[in-house]
Amino acid sequence: MIWLWPLGLITAAIMLFPYLREPLRRTMGPGSRREAPGECVALAAGVTHFQWIGPRRGPVAVCVHGLTTPSFVWHGIAEGLAKLGYRVLIYDLYGRGFSDRPEGAQDRAFFLSQLEDLLEREGVEEDFLLLGYSMGGAIATAFAAAHPGKIRELVLIASAGLQTNVGRMAQVIRRRPRLGEWLIFALFPWLHRRGTEAERKLQSSVPGIVDLQQRELRFKGFVPAVLASLRGILSENIGEDLRLLHRQGVPMLAIWGETDDVVPISSVGRMTELARSAKQAEIAGAGHGLPYTHTDEILDVIATRHRKGADLITALGFQDPKP
């Protein structure tokens, strides 16, 4: 039975390797932040990286990014909003980009605290445009529901929290603590590289976005943050928040990608059920990366709404989907 010993050692090595890889990654600290654009500020749960884009005066737009795409995902849209006269605030959620990686749950309270602290620090009090992409849509919706009087308009782009297609593995990760942890440490880095690499040939308003996304894997805390968010904010339903915003009369605009396989276009119907006052638009041919692959179309939707009020028109490859 001596031959079983090597087999046992190999099995143990396979089981332990994903956990051993995490401590070997770089720490996000002052040295790594030297190349960060904008500023870094210490908030209640840790250092947060943020950047203002656009004129020094004008209406404010605040952008909340998604699960694995830090604030750089907004650069194309932020520059477009700046041309419309907005002062645009983008920032890195905890666990991503140049922000700290605090341990613990990443539920709505966790993310709302970071956003509230940052807005207070920057003197943003009310009447601002709030945009959320993917997981950031769930965060933005939760924030708007908690502070409806502060929001000029809520813009959701491929928002999570309705019918996000998380897949079978993500369900296991959420429901099976030990197995879920091993799966995300073992498989997520490979899946993240594969998924981002598939977009390398796509047009992008953010130069080098594939390399920037893959760069996140170099730093400690990113993979645990993904796990914590899958079990936290991404396991929550924003349905009641949307109903509240509808009743409060908060203007809402939802933009979806026609070929999105993460947040399916069927979310349009669910949004209509929850908040009939929300205006919706579909970007033809767009997948889940639409903020950087179809930036101009999104800006056209936003600009058209600003010019013509409540009704969106069909033009330039985007459509106003029917309930």
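This dialogue walks through a predicted model, feature by feature.

Student: Where do I start? What secondary structure does the protein have?

Tutor: Start with the inventory. The protein has 12 helices and nine strands. Remember that the model is predicted.

Student: How much of the chain is buried?

Tutor: Of the 323 residues, 52% are buried. The exposed surface comes to about 15000 Å². Carbon and sulfur atoms supply 54% of that surface.

Student: What share of the contacts join residues at least 24 apart?

Tutor: Take contacts between residues at least 6 apart in sequence. Of these, 76% join residues at least 24 apart.

Student: Now the interior. What is the general idea behind a nonpolar core?

Tutor: In soluble globular proteins, nonpolar side chains tend to be buried together. Here is the case in this model. The largest nonpolar core has 60 residues. Phe-128, Leu-130, Leu-154, Ile-184 and Leu-242 have the most contacts inside that core.

Student: Which helix gives the most to this core?

Tutor: Helix H4, residues 135-146, which gives seven residues.

Student: Next, helix packing. At what angle do H3 and H4 pack?

Tutor: Read the angle together with the axis separation. H3 and H4 pack at about 70°, with axes 10 Å apart. Angles from 65 to 115 degrees count as roughly perpendicular, so H3 is roughly perpendicular to H4.

Student: Which residues in H3 meet which residues in H4?

Tutor: H3 brings Arg-108, Phe-111, Leu-112, Leu-115, Glu-116 and Leu-119. H4 answers with Met-135, Ile-139, Ala-142, Phe-143 and Ala-146. By class, this contact has nine nonpolar, no polar and two charged residues.

Student: And H9 with H10? At what angle do they pack?

Tutor: Helix H9 (residues 239-248) and helix H10 (residues 267-274) pack at about 50°, their axes 8 Å apart. That value makes H9 oblique to H10. From H9, Gly-239, Leu-242, Arg-243 and His-246 meet Arg-270, Met-271 and Leu-274 in H10. This contact of H9 with H10 has three nonpolar, two polar and two charged residues.

Student: Is Asp-127 buried, exposed or partly exposed, and why?

Tutor: Asp-127 has a relative accessible area of 41%, so it is partly exposed.

Student: What is phi at Ala-158?

Tutor: About 45°, again positive although Ala-158 is not a glycine. Ala-158 lies in the loop between strand E6 (151-157) and helix H5 (167-175). Its relative accessibility is 0%, so Ala-158 counts as buried.

Student: Now some loops. Why does Ser-32 count as buried?

Tutor: The cut-off for buried is under 20% relative accessible area. Ser-32 has 5% relative accessibility, so it counts as buried. It is found in the loop between helix H1 (4-21) and strand E1 (39-43). Beyond four places in sequence, Ser-32 touches Arg-26, Thr-27, Phe-98, Arg-215 and Phe-219.

Student: Where does Ser-71 lie?

Tutor: In the loop between strand E3 (60-64) and helix H2 (75-83). Ser-71 counts as buried, at 5% relative accessibility. Not counting residues up to four places away, it touches His-49, His-65, Ile-90, Tyr-91 and Asp-92.

Student: Last one. How far apart are Gly-289 and Glu-199 in sequence and in space?

Tutor: They are 90 residues apart in sequence and 8.6 Å apart in space, C-alpha to C-alpha. Gly-289 touches Glu-199 and also Tyr-133, leaving out residues up to four places away in sequence. Gly-289 lies in the loop between strand E8 (279-283) and helix H11 (290-293). With a relative accessible area of 3%, Gly-289 is buried.

Terms used. Residues are numbered from 1 along each chain as its sequence is written. This is a predicted model: local features need pLDDT of at least 70, side-chain atom pairs count only at pLDDT 80 or more; totals for chains, interfaces and linings use all residues. Side-chain values use heavy atoms; hydrogens and water are left out. Helices (H or I, at least four residues) and strands (E, at least two) are DSSP runs, numbered from the N terminus. Buried means under 20% relative accessible area, exposed over 50%, partly exposed in between (1.4 Å probe, protein chains only). Contact means heavy atoms within 4.5 Å. Accessible areas come from the Shrake-Rupley method with a 1.4 Å probe; for residues, only the protein chains shown count as cover. A nonpolar core is a set of buried Ala, Val, Leu, Ile, Met, Phe, Trp, Tyr and Cys residues joined through side-chain atoms within 4.5 Å. Axes are lines fitted to C-alpha atoms, for helices over the stretch in contact, and angles run from 0 to 180 degrees between N-to-C directions. Angles under 35 degrees count as roughly parallel, over 145 as roughly antiparallel, 65 to 115 as roughly perpendicular and the rest as oblique. Ala, Val, Leu, Ile, Met, Phe, Trp, Tyr, Cys and Pro count as nonpolar, Asp, Glu, Lys and Arg as charged, and the others, Gly among them, as polar.
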